[in-house]
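Biologist: Could you walk me through this one? I would like to start with the inside and then look at charged pairs and helices.

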Amino acid sequence: MSPTIDEGRPLTVLTEEEQMFFDMVKDFADNEIRPLVSKMDEESHLDRALLSKLFEAGLMGIDVPEKFGGSDGTFFMSILAIEALSQVDPGVAVLVDVQNTLVNNAIRRWGTEEQQAKYFPRLTSEIVGAYALSEAGSGSDAFALRCKAEDKGDHFLLNGQKLWITNAGEADLFIIFATMDMNLGYKGITAFLVERGFEGFSVGKKEDKLGIRASSTCELVMENCRVPRENLLGEVGKGYKVAIETLNEGRIGIGSQMLGLAEGALGYTLAYTAERKQFNQALNAFQGVQFELARMHTDIESARLHVYNAARLKDAGLSFVLEAAVAKLVASEVAERVASEAVNLYGGYGFTREYPVEKFYRDSKIGQIYEGTSNMQLQTIAKAIIPK
């Protein structure tokens, strides 16, 4: 059974293969990640043994071609994996998200055969990738880059800094965007594949964050970083296309992360309100509580429709820019609302770190910020729907 797109409507029912894959990832998350969640959050550090298990489970190269060591799956399967992992720990999920929807995706689309043959076997088995676009002065204004690239013939020299780079603490391969000429604007932006061991490259300060603390977020520093010409990703001056098209798909990944987060928060809340007694009856016997649980579920299903639809459209080769923006916007707002209500229903317990919902609440906030703020998604949506 193959998924189809029927007049733009989403196929929300999973195929048998997709359901089996989702269940496999969820079992992995329950068995391998759940026991480590609190420790990784407190220490702000991803367990290294867990990282090896993510590779062993095939979760770091889901839609990479099989000939390069990948699972040869669909983009939608990557989205399902992110959702399943996020039900347990969104911090671990975003590592898998960046690897699949940004790094692998960019190399598959823009990399040469030689680059794919060199890096995919390692990305699917041993090394983490990172995607480095943001700088101190270029967040929402993504192309106000000051990281400079100079063409030296057989190599390029990179100078500058990157901030807020997810996976930087674990990564050995970085997609770095730099400008050849500030006067050219976005037409000067170029993408490079930079290895951690390249001369002049270093990973700087690690951020101490509110949420998704198992995920590393660090500064990158390039001081006459020497990049071989064969590590140019795409064409000189076409880095903006690499960034825009990759981020459109990455937004669906963040939508899936926020969907899974909301599902995880609701799952804990359903169990708690069934067990917790007040006035000689379970919390979920009160109509007011029932209504809140129903609203949480309804919000989650709305987010699912948007996320799945955007991913299905992408796999079908149809336009999905608008749908990706809607999916990220809706899912990130749903995640915050659901996690907040979960804390409310837990009462005082929800405000302590002894119970899991406060972590979901902290983790949810980033969904409205990274890979395009909510205002940037609204801008994208407005441009698509307002007549020219």
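Modeller: What follows is a short talk through a predicted model.

Biologist: Which residues touch the most other members of the largest nonpolar core?

Modeller: Ile 33, Leu 158, Phe 177 and Phe 192 do, in a core of 123 residues.

Biologist: And which helix gives the most to this core?

Modeller: Helix α9, residues 321–346, gives the most, with 15 residues.

Biologist: Why would such residues sit together?

Modeller: In soluble globular proteins, nonpolar side chains tend to be buried together.

Biologist: Take Leu 158. What does Leu 158 touch?

Modeller: Leaving out residues up to four places away in sequence, its contacts include Ile 176, Ala 178, Phe 192, Val 194 and Met 222. Lys 148, Glu 223 and Asn 224 are also among the residues that Leu 158 touches.

Biologist: New topic. How many salt bridges are there?

Modeller: The count comes to 30 salt bridges. One of them joins the side chains of Glu 135 and Lys 162, at 2.9 Å from N to O.

Biologist: Where do Glu 135 and Lys 162 lie?

Modeller: Glu 135 is in the loop between β1 (128–132) and β2 (148–151), while Lys 162 is in strand β3 (residues 155–166). The two are 27 residues apart in sequence, so the pair ties together separate parts of the chain.

Biologist: Are Glu 135 and Lys 162 buried or exposed?

Modeller: Glu 135 is buried, and Lys 162 is buried as well.

Biologist: What about a pair inside one helix?

Modeller: Glu 245 and Lys 241 form a salt bridge, with their closest N and O atoms 3.2 Å apart. Both are in helix α7 (residues 239–275), and because they are 4 residues apart there, about one helical turn separates them.

Biologist: How accessible are Glu 245 and Lys 241?

Modeller: Glu 245 has 25% relative accessibility, so it counts as partly exposed. Lys 241 has 30%, so it counts as partly exposed too.

Biologist: Are Glu 358 and Arg 362 buried or exposed?

Modeller: Glu 358 is buried, with a relative accessible area of 12%. Arg 362 counts as buried at 9% relative accessibility.

Biologist: Which residues are linked with Glu 358 and Arg 362 in a network of salt bridges?

Modeller: Asp 41 and Arg 353 are linked with them in that network.

Biologist: On to packing. How do the axes of α7 and α10 cross?

Modeller: Their axes come within 10 Å and cross at roughly 160 degrees. That makes α7 roughly antiparallel to α10, because angles over 145 degrees count that way. The crossing of α7 and α10 is left-handed.

Biologist: Which residues in α7 and α10 meet?

Modeller: From α7, they include Met 258, Leu 261 and Tyr 268; from α10, Val 357 and Phe 360 are among them.

Biologist: And how do α1 and α3 pack?

Modeller: Helix α1 (residues 16–33) and helix α3 (residues 48–56) pack at about 160 degrees, with their axes 11 Å apart. They are therefore roughly antiparallel to each other. Here α1 passes α3 in a right-handed crossing. Phe 28, Glu 32 and Ile 33 of α1 make the contact with Leu 50, Lys 53 and Leu 54 of α3.

Technical notes
Residues are numbered from 1 along each chain as its sequence is written. This is a predicted model: local features need pLDDT of at least 70, side-chain atom pairs count only at pLDDT 80 or more; totals for chains, interfaces and linings use all residues. Side-chain values use heavy atoms; hydrogens and water are left out. A nonpolar core is a set of buried Ala, Val, Leu, Ile, Met, Phe, Trp, Tyr and Cys residues joined through side-chain atoms within 4.5 Å. Buried means under 20% relative accessible area, exposed over 50%, partly exposed in between (1.4 Å probe, protein chains only). Contact means heavy atoms within 4.5 Å. A salt bridge is a side-chain nitrogen of Lys or Arg within 4 Å of a carboxyl oxygen of Asp or Glu. Axes are lines fitted to C-alpha atoms, for helices over the stretch in contact, and angles run from 0 to 180 degrees between N-to-C directions. Angles under 35 degrees count as roughly parallel, over 145 as roughly antiparallel, 65 to 115 as roughly perpendicular and the rest as oblique. A crossing is left-handed if the near helix is turned anticlockwise from the far one by less than a right angle, and right-handed if clockwise.
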